[in-house]
Amino acid sequence: MTKQQQTQQIANGHGFIAALDQSGGSTPKALKLYGVEEDAYSNDDEMFGLIHDMRARIIKSPAFTGDKVVGAILFERTMDGEIDGIPTAEYLWDKRRVVPFLKVDKGLAEEEGGVQVMKPMPDLDALLEKGVSKGIFGTKMRSVISAANPEGIRAVVAQQFEVGKQILGHGLVPIIEPEVTITIADKAEAEAILRAEIEEQLNALSEDQNVMLKLTLPEVENLYKPLVDHPRVIKVVALSGGYSREEANSRLAKQTGMIASFSRALTEGLSAQQSDADFDAVLAATIEEIHGASVAG
């Protein structure tokens, strides 16, 4: 019943997905933006402890509930941690009614053909089994497209769907994320190629293989509407990709059926030095803005 409830919340809920999944490479930057300098920790354990404290503070904030935040993507160490003595994924669903997802990729390979595919994931099955045991609903994995190269984009999408089927085999819903770099000159052309490749892969799925998509906000309004409407797609979510929150929200509001899945744009303006009242007020205003853009289309 829980899985059905969670699927309904993602498919039909009026909200967005919070991306709380910064991993080892991006954690120092996320902490710095939060007002925690590198001299505040001396090793990885201390660093990850501080980022967990930040995420727990966000999750426990009064505005962070399933009414407007329908899901949250976690880093593995966040999933392994606890909030108030309760495992994080369990806390998210039982206390906040927010559907838990898990970031599963191990980072990006070197750029080749204008793209970066995902590094190999030899331990993926074990991670997925652990995720299932901890109440995870779905997963997220990221590739990057930096040129309108048809062969490269095809390789990215084929890999995403191949791994996606492995994830589906564990009863989890994969979020397929082929990010298009926002600064490239041929972004619109790359996005047109990407949509065609995704449609081809979606059309090859069976009726019991349903996925989610996480895509860069496109240059052409409603470019991804056919993917939003595809019967194999539970939801299409948007990444902010380096756009400011204001720009990301403006672009998102013009896309019918897409909702946000922002990371940096969600935590913009939050600080470790803020009082709880100030922190909660800033986060509540941010959630209201992102939620408004997510339901505008």
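User: Is glutamate 289 buried, partly exposed or exposed, by its relative accessibility?
Analyst: In this predicted model, the relative accessibility of glutamate 289 is 40%. Buried would need under 20% and exposed over 50%. With its 40%, glutamate 289 therefore counts as partly exposed.

User: With which residue do the side chain atoms of glutamate 289 meet in a salt bridge, and how far apart are N and O?
Analyst: Happy to look at that one. Glutamate 289 has arginine 245 as its salt-bridge partner, and the N to O distance is 3.4 Å. Glutamate 289 sits in helix α12 (residues 276-296) and arginine 245 in helix α10 (residues 245-252), so this pair ties together parts 44 residues apart in sequence. Arginine 245 has a relative accessible area of 11%, and is buried. The partner and distance asked for are arginine 245 and 3.4 Å.

User: Which helices hold arginine 154 and glutamate 200?
Analyst: The side chains of arginine 154 and glutamate 200 form a salt bridge at 3.3 Å, N to O. They lie 46 residues apart in sequence, so the pair ties together separate parts of the chain. Both are partly exposed, arginine 154 at 41% and glutamate 200 at 44%. Arginine 154 belongs to helix α7, and glutamate 200 to helix α8.

User: How many salt bridges does the structure hold?
Analyst: Another pair to look at is aspartate 229 with lysine 225, whose closest N and O atoms are 2.7 Å apart. Aspartate 229 is partly exposed at 49%, and lysine 225 is partly exposed at 27%. The total for the structure is 22.

User: Why is strand β7 largely enclosed by the rest of the structure?
Analyst: Let's look at its neighbours as well. Strand β5 (residues 99-103) pairs with β7 in the parallel sense over 3 bridges, while strand β6 (residues 115-116) pairs with β7 in the antiparallel sense over 2 bridges. β7 spans residues 138-145, and it is largely enclosed because the number of its 8 residues that are buried is 7.

User: Which residue in β8 stands opposite arginine 142?
Analyst: β7 and strand β8 (residues 173-180) run parallel and are joined by 8 bridges. Together with helix α7 (residues 150-168), these two strands make a right-handed β-α-β unit. The residue of β8 opposite arginine 142 is glutamate 177.

User: Which β7 residue is the bridge partner of lysine 103?
Analyst: Glutamine 116 has valine 144 as its bridge partner in β7. For lysine 103, the partner in β7 is lysine 140.

Technical notes. Residues are numbered from 1 along each chain as its sequence is written. This is a predicted model: local features need pLDDT of at least 70, side-chain atom pairs count only at pLDDT 80 or more; totals for chains, interfaces and linings use all residues. Side-chain values use heavy atoms; hydrogens and water are left out. Buried means under 20% relative accessible area, exposed over 50%, partly exposed in between (1.4 Å probe, protein chains only). Helices (H or I, at least four residues) and strands (E, at least two) are DSSP runs, numbered from the N terminus. Two strands pair if DSSP finds at least two bridges between them. A crossover is right-handed if, with the strands pointing away from the viewer, the path from the first strand over the helix to the second runs clockwise. A salt bridge is a side-chain nitrogen of Lys or Arg within 4 Å of a carboxyl oxygen of Asp or Glu.
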